[in-house]
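Thanks for making time this morning. Please have the sequence and the 3D view open, and we will walk through them together.

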Amino acid sequence: MSLDRFYPIFDSAAWIERLVPLGIKLVQLRIKDADDQTIRTEISAAKEVCARTGTTLVINDYWQAAIDLGCDWIHLGQEDLDDADTDAIRAAGIKLGISTHDRAELSRAMALKPDYVALGPIYPTILKQMKWHEQGVEKLSKWRAEIGDTPLIAIGGMTIQRAAGAYDAGADVVSAVTDITLNADPEAQVKAWLHATRPPHSATPRGDA
Ligand SMILES: Cc1ncc(COP(=O)(O)OP(=O)(O)O)c(N)n1
Ligand SMILES: Cc1nc(C(=O)O)sc1CCOP(=O)(O)O
Ligand SMILES: [Mg+2]
């Protein structure tokens with residue numbers, strides 16, 4: 001399995017409808033504070049867009065709705081794991097990504113054989129209050145050395161300029177929220193991310209048929 005190197009996170013199906021068709025191939029729906037019916041409506045709408053565009057959709061937190069609605073991927077943090085039925089997630093054939101911030105969390109995550117591990121916040125984030133301030137890219141290299149082939153996601157304060165350093169340190173994928181959603185031109189910013197994170201197409205030399 002290979003994940004796209006660019007992994008934006010949005011808080012509504014409307015954002016997904018707006019930006020995923022630009023070429024995003026891996027996306028997370030991360031909704032906070034909504035009722036169950038709203039969550040399910042949003043997941044269904046996001047799923048429809050992603051089916052159309054061939055994009056891998058990851059559902060944050062709402063594992064039961066994700067199972068019920070036939071989703072392929074779930075992301076859970078450490079607190080989410082306290083309440084989640086990971087056996088039911090696995091029995092439904094759903095892939096699981098897990099957040100980690102320190103070694104104890106990494107051990108707990110790896111025991112669940114995750115389909116990816118996220119480490120953050122690599123840089124300070126303005127999205128949410130966290131007890132961790134800034135982990136630094138060096139910690140990505142430590143995680144890389146410990147998790148074998150498990151895909152590693154860098155998250156927290158990531159920008160296009162910072163992405164190369166995260167990949168160089170061992171991240172497979174870079175995730176971003178506010179660098180896109182708070183940008184004055186989110187469409188242009190997504191295109192810039194796609195350009196920066198996709199391997200260049202093999203160019204046909206001019207004059208060749
Ligand atoms: C790719 C990715 N990494 C980390 C998180 C954070 O998950 P969690 O710690 O459960 O916090 P919330 O996002 O639920 O506030 C994530 N969502 N995605
Ligand atoms: C949702 C989330 N989880 C993090 C973690 O470290 O687990 S950091 C983060 C916020 C990422 O947003 P931005 O790209 O705007 O900094
Ligand atoms: Mg969570």
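First, the ground rules. This is a predicted model, where local features need pLDDT of at least 70, side-chain atom pairs count only at pLDDT 80 or more, and totals for chains, interfaces and linings use all residues. Residues are numbered from 1 along each chain as its sequence is written, while chains are lettered from A and ligands numbered from 1 in the order in which they are written.

Now the overall picture. The protein chain has 10 helices and 8 strands. Both are DSSP runs numbered from the N terminus: helices are H or I with at least four residues, strands are E with at least two. Along the principal axes, the C-alpha atoms fill a box of roughly 60 × 40 × 35 Å. What radius of gyration would a compact globule of 209 residues have? Near 17 Å, and the protein chain has 17 Å, which agrees. That radius is taken over C-alpha atoms, and the globule rule is 2.2 Å times the number of residues to the power 0.38.

How much is buried? Of the 209 residues, 37% are buried. Buried means 20 or more other C-beta atoms within 10 Å of the residue's own; exposed means 12 or fewer; partly exposed is in between; C-beta atoms are placed from the backbone.

Next, helix α2, residues 36-53. Its 18 residues should span 26 Å at 1.5 Å a residue, and the end C-alpha atoms are 26 Å apart, which agrees. The expected span is 1.5 Å times one less than the number of residues. Which residues of α2 are buried? They are E42, I43, A46, K47, V49 and C50. They cover an arc of only 165° around the axis, so they sit on the same side of α2. The arc is that of the directions from the helix axis to the C-beta atoms. The face turned away from that buried side carries exposed Q37, A51 and R52. The cover over the buried residues of α2 includes α1, β2 (26-29), β3 (56-60) and α3 (63-68). After α2 comes G54, with a positive phi near 65°.

Now helix α10. Q189, V190 and W193 are buried there. Their arc is only 100° around the axis, which puts them on the same side of α10. Exposed E187, A188 and H195 are on the face turned away from the buried side. Among the elements covering the buried residues of α10 are β1 (6-10) and α8 (160-169).

One loop residue: G170, between α8 and β8 (173-176). Why is G170 partly exposed? Because it has 19 C-beta neighbours inside 10 Å. G170 touches L140, S141, W143, R144 and L152, leaving out residues up to four places away in sequence. Contact means C-beta atoms, placed from the backbone, within 7 Å.

Last, the ligands. Ligand 1 has 14 residues around it, the closest being G77, S99, A118, I155 and S175. Near means a C-beta atom, placed from the backbone, within 6 Å. That shell divides into 3 nonpolar, 7 polar and 4 charged. Ala, Val, Leu, Ile, Met, Phe, Trp, Tyr, Cys and Pro count as nonpolar, Asp, Glu, Lys and Arg as charged, and the others, Gly among them, as polar. Ligand 2 has 15 residues around it, with G120, T125, G156, V177 and T178 the closest. Its shell divides into 7 nonpolar, 6 polar and 2 charged.

How values were computed:
Contact = placed C-beta atoms within 7 Å.
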